[in-house]
Amino acid sequence: ADHCTMEDNISYDNWTVNLYLSDATNSVVQRNLVYISSQPAIPTRNNSRPGLTLADEVAAVPRSANNTVINNLIYNTGLQAFNWTLVSKSGLNNVLIANNTIVDGDLSTGSGGAQSIVNTNSQIRNNIILGTHSSVPSKSGITFSSNNWAMTPSLAAAVTDIVGNPQVARTGTTTPGTLTSAYFTISGNSPVIDAATPLNNVPDDFFRFSRGTTPDIGGHEFNGTNTKAADSTAPSTPSGLSATVSSSKISLTWNASTDNVSVSGYKIYRGSTEIGTSATTSFADTSVTGGTTYNYTVKAYDAAGNLSAASNTATVNVPAAAAINITSNYAGNITNNSAKINWTTNVSSTGVVCYDPHADLVAKNTCSHVTASNSATSQSVQLTGLYKNTTYYYSIKATSGSATAVSTVSSFKTPL
């Protein structure tokens, strides 16, 4: 990947990495809220739940380089900055990691090891890191400065560091889906105020407020009266939700919401259950069943986790799928090593032909298959690689939406 932007996302409680920049160049990761909640519903993978991770996995593409990771908020997990890689001699290469706030989590870098991690011309500055297990095995190729540590790795220490409590607000709850950026704001007497190194690459904070000439450490820039606290304004309510239906899909469209900062996306609900999200004003629900009525609503959300009121309800009835009848089938164009299976149906459908020299395997559908993937009422497939002078048995399964039909087992014989 090249010139990618990962911004304004909320990612939590994933089975493995919550936010992952891999095999990427000239990319930006900013203003994301990443966390492991106090009650994750999904079990961990290998007892590990990485938060925001940088690594390489594919040797055949350019190694990661020239990436920027700024103004991210991380809770109860960490920032893994090439503490592992699957590509030899990759690592932090001209990377800036700055003004991130990590609460109850750690920063981990790598060096050497089985894959010979090599860090080059990179910077880790102005971050709040409120964990006690950060790991920095080497500072070679990395400049550390003006970080706020709960416990400083010895090789990452700098005279401009702040060690101690940054007085993060910890406002709100940490259950799934409830953590907001307000949790990460700093108070007016925090020691990290005006303690950061000014960086041209980081002119604003997580909330898009200017950092000025004397910036603060971390993702939140305090302005003296705390009016720059977390965005608490929800987006406007989506309007004009409408739905169109086919036998296998419901397509939803709606009018865009507005927000005092920006709308990050939309959550789509079927009844009271969230079934997906969309960054645009449309969504397709492909998990519908014929003969069923569905009710949909949409809510807009922003990067701070604020959620709008529900849109109008779009109610739609998915018609029951028409019954399929396989009206004829026969084998034609038979040679000593091939045959053509032909069939017709009463409605447009796709089909799969199951064939084998053993009739019992065809009956159990444990046989070779050839698919007719285009929907039509008249279909055919070509069977090749057949044995000469052999009787073959076959059956046809036709599908249209949620309706299916299976033919009886028929047969043909290849000549000598």
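"Buried" here means under 20% relative accessible area, "exposed" means over 50%, and "partly exposed" is in between, worked out with a 1.4 Å probe on protein chains only. This is a predicted model, so to speak of local features we ask for pLDDT of at least 70, and side-chain atom pairs count only at pLDDT 80 or more, while totals for chains, interfaces and linings use all residues. Residues are numbered from 1 along each chain as its sequence is written, and side-chain values use heavy atoms, with hydrogens and water left out.

**View 1. Arg31 pairs with Glu7 in a salt bridge.** A salt bridge is a side-chain nitrogen of Lys or Arg within 4 Å of a carboxyl oxygen of Asp or Glu. Side chains of opposite charge can pair when their charged atoms come close. For Arg31 and Glu7, the closest N and O atoms are 3.1 Å apart. Arg31 sits in the loop between strand S4 (28-30) and strand S5 (33-35), and Glu7 belongs to strand S1 (residues 5-7), so the bridge ties together parts that are 24 residues apart in sequence. Strands (E, at least two residues) are DSSP runs, as are helices (H or I, at least four), and they are numbered from the N terminus. Arg31 is buried at 10% relative accessibility, whereas Glu7 is partly exposed, at a relative accessible area of 30%.

**View 2. Arg31 also meets Asp8 in a salt bridge.** The N to O distance here is 2.9 Å. This pair links distant parts of the chain, 23 residues apart: Asp8 is in the loop between S1 and strand S2 (10-12), and Arg31 is in the loop between S4 and S5. Asp8 and Arg31 are both buried. The structure holds six salt bridges.

**View 3. Arg170 and Asp104 form a salt bridge.** Their side chains meet at 3.0 Å, N to O. Arg170 lies in the loop between strand S17 (162-163) and strand S18 (239-245), and Asp104 in the loop between strand S11 (101-103) and strand S12 (107-109), so the pair ties together parts 66 residues apart in sequence. Arg170 is partly exposed, with a relative accessible area of 36%, and Asp104 is partly exposed too, at 34%.

**View 4. Thr174 sits in the loop between S17 and S18.** Thr174 counts as buried, at 13% relative accessibility. Leaving aside residues up to four places away in sequence, Thr174 touches Tyr35, Ser37, Ser38, Tyr75, Leu179 and Tyr183, where contact means heavy atoms within 4.5 Å.

**View 5. The largest pocket holds about 530 Å³ of space.** On a 1 Å grid over the protein atoms alone, a pocket is an open set of points with protein on both sides within 12 Å along at least five of seven lines; a cavity is a set where a 1.4 Å probe fits but cannot get out, and lining residues have an atom within 4 Å of a point. Grid points are joined across faces, edges and corners, and a volume is the space filled by probe spheres set on the points. Of the 26 residues lining the largest pocket, Ile10, Ser11, Tyr12, Lys267 and Glu274 are the closest to its centre. At least two lining residues come from each of S2, strand S20 (263-270), strand S21 (273-278) and strand S23 (292-302).
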